[in-house]
Amino acid sequence: MSFELSSLLLGLFGFGLCFVTISIIRSKSLFTSIILLSASSLMIMLCYLLMDAPDVAMTEAAIGVCLSTSVLLKFAKGYRHAEEAEQNSKLHLIPYFILGSIMIYAGFDLALYGEGAGSYISDYFLRHTGNEIGVPSFVAAILASYRGYDTLGETTVIFTAAMALSILLRGFSSKLSSQTSESISSNADLGSISAFRPEGVIINKDALASALSNSGSQISVREAHRSGMTPKGNIVAEVMVKFIAPFILFLAVYIQICGEISPGGGFQAGAIFASIAIGFYLAFPHKVLVNPVRVLTIATSVGLLIYASTGLLTVFLGSWYLDYYALAPDPHFAQKIGIFAIELGVGITVAAGMMLIYFLFDREAKGLQ
Amino acid sequence: MIFRMTRYLKIRMLVLISIIAYGLIVIGIFFITSSIIGLFRFPDFYTKMHAAGVADSFGIQLCLLGFALMQTSVMAAVKIIIIMILFFLLSPTANHLLIAAAHKSGLKPYKKKNK
Amino acid sequence: MINIGHIIYLVAVFVFLGGLYMTLSGKSYIRKIIGLGIFQNSILIFYIAIGKVRGGIMPIDIGPEHSYSSPVPHVLMLTAIVVGFATLCVGLALAIKIERGKNAGS
């Protein structure tokens with residue numbers, strides 16, 4: 001695509017982005033702002049594609065458009081507070097105008113769009129990656145080899161976030177894992193009002209009938225299903241999720257393995273893998289799935305362990321931490337082994353972490369406290 | 001002479017395929033445009049979803065078929081056909097799920113008010 | 001020389017201010033968290049915009065005669081997206097705990 005055409009389209013999407021941002025600020029309900037946030041992520045992803053960044057566009061599409069929207073919607077499901085628009089006087093906007101004009105004034109010193117600032121360091125990487133690492137994708141080479149220590153920190157951030165969520169949202173409670181469906185249905189109070197309302201976790205018809213007769217209401221099981229008080233699956237969603245899941249799995253594995261020769265890598269593959277689990281949680285709300293917190297915690301830790309152990313392995317083989325040249329005699333092959341190992345660790349951590357995060361929010365929205 | 005005849009036929013076939021491809025893209029753009037117009041003109045959520053589904057489920061596929069016919073390498077055309085099949089399967093599903101969710105939440109369809 | 005690509009800098013500034021406004025004067029925690037997400041998005045756009053090279057292609061090595069867009073901002077922003085999502089999730093969990101604490105207390 002020629003530079004003029006791409007910058008014209010970029011201006012168009014940028015204008016659309018400003019419009020969507022104004023709509024988010026002025027929106028009155030939480031649901032509207034979440035959907036508009038995902039729309040703005042979509043426009044930003046198109047801007048990334050026009051700015052020659054397919055890796056970042058794939059990550060933004062997987063994480064920004066899909067995962068963060070689903071997590072926000074699961075959060076919003078239990079959030080019953082009324083949203084009011086801010087009624088501020090226009091005097092509050094003056095500092096923002098001042099800040100904006102200062103930034104625009106400082107922006108006159110920026111390089112022109114299309115010159116590529118920071119070209120000194122990127123020149124080094126573009127020239128020496130072929131000799132030193134031998135991997136076609138510059139982004140994978142920089143991410144996994146030149147700045148592999150940064151990526152270790154980032155994987156630790158995902159791990160820490162998943163663990164923090166497990167602690168905050170009662171992931172490790174032993175009481176939860178031993179709860180049977182009988183006690184769940186007797187605890188679910190149909191019609192209670194609290195900030196996080198139970199959605200209806202009744203699984204089988206006898207438990208539902210007993211709960212209904214216990215709470216003294218006159219409606220039958222069929223009416224409870226039809227009025228939406230219990231979650232019921234949609235046949236189209238069930239069939240399509242079961243059909244498309246192997247293909248998405250294949251895609252995730254492909255992006256994980258071919259992260260070195262094409263846009264891809266561990267982060268995108270992990271997010272796409274997590275979206276399969278999210279699809280199953282969304283399409284089968286009436287089925288109790290096995291409590292996966294323990295397995296996902298172990299998987300997140302194993303991913304980070306694979307990453308850190310690769311570094312320790314290179315130290316044991318006589319070199320410094322995360323120096324892949326110690327892994328094999330041929331330098332390019334050694335780099336490929338090292339990059340593959342740590343991308344595997346990153347993929348496992350990101351997939352398990354995102355699945356754990358979504359599962360915890362899902363359980364919160366269903367009201368298991 | 002036979003070689004010149006086969007080359008003549010090949011060029012005619014290429015031109016024919018290009019014409020079919022452009023025609024398909026134009027028809028696809030027409031459907032997408034009509035979907036956008038319908039998105040603005042229809043009064044209700046259900047009818048708007050019906051209009052939006054036309055672009056996602058049908059207009060894009062025609063455009064993609066035209067793109068696939070315009071490709072020079074077979075592998076690129078096969079990839080585009082795979083994308084087209086995925087769109088054909090998944091976007092009517094998304095459409096249906098949105099409408100089912102709206103119906104389950106109790107959204108009432110539009111009724112024309114007389115007088 | 002002003003080309004129309006400069007508009008992406010103005011868009012980044014505008015989205016920055018919009019996200020900052022939502023964060024600072026949002027009435028509830030969830031609006032502040034959404035504003036933080038918008039704010040982070042603007043920084044990402046800005047960084048990737050300054051890495052683009054006119055006439056360059058995407059940074060996958062297909063030969064020494066092409067000119068490539070700078071891959072360094074792509075790497076940094078990849079990490080930024082994932083970290084932003086992680087902080088969004090932790091912020092939402094904290095908001096849940098705060099709301100539940102408010103309801104249990106009152």
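Residues are numbered from 1 along each chain as its sequence is written, and chains are lettered from A and ligands numbered from 1 in the order in which they are written. Since this is a predicted model, local features need pLDDT of at least 70 and side-chain atom pairs count only at pLDDT 80 or more, while totals for chains, interfaces and linings use all residues; side-chain values use heavy atoms, with hydrogens and water left out.

**The interface**

The size of an interface is often given as the accessible area lost when the parts come together. Between chain C and chain A about 7,600 Å² is buried, 76% of it on carbon and sulfur atoms, where buried area is the accessible area (1.4 Å probe) that two parts lose on being put together, summed over both. The contact (heavy atoms within 4.5 Å) takes in 73 residues of chain C and 91 residues of chain A.

There are 10 residue pairs in polar contact between chain C and chain A, both residues being at pLDDT 80 or more. A polar contact is a pair of N or O atoms within 3.5 Å; within protein, one must be able to donate a hydrogen and the other to accept it, and residues adjacent in sequence count only if both atoms are side-chain atoms. On the side of chain C that touches chain A, the elements giving two or more residues are α1 (7-24), α2 (29-49) and α3 (72-105) of chain C, and α3(C) gives the most, with 24 residues. Helices here are DSSP runs (H or I, at least four residues), numbered from the N terminus. The residues on this side of chain C divide into 50 nonpolar, 15 polar and 8 charged; Ala, Val, Leu, Ile, Met, Phe, Trp, Tyr, Cys and Pro count as nonpolar, Asp, Glu, Lys and Arg as charged, and the others, Gly among them, as polar.

**Salt bridges**

A salt bridge is a side-chain nitrogen of Lys or Arg within 4 Å of a carboxyl oxygen of Asp or Glu. By this rule there are 5 salt bridges over all chains, and 3 salt bridges are found across the interface of chain C and chain A. The table lists some of the pairs.

| Pair | N to O distance |
|---|---|
| A:E364 and C:R100 | 2.4 Å |
| C:R54 and A:E4 | 3.5 Å |
| A:R147 and A:D150 | 3.0 Å |

The pair of C:R54 and A:E4 crosses between chains, from the loop between α2 and α3 of chain C to helix α1 of chain A. With a relative accessible area of 36%, C:R54 is partly exposed, whereas A:E364 counts as buried at 6% relative accessibility; buried means under 20% relative accessible area, exposed over 50%, and partly exposed in between (1.4 Å probe, protein chains only).

A:D52 lies in the loop between α2 and α3 (54-77) of chain A and is buried, with a relative accessible area of 13%. Its side chain makes a polar contact with the side chain of C:S69 (3.0 Å), and A:D52 also touches other residues of chain C, among them C:K52, C:M58 and C:H74.

Technical notes: Lists of a residue's contacts leave out its neighbours within four places in sequence.
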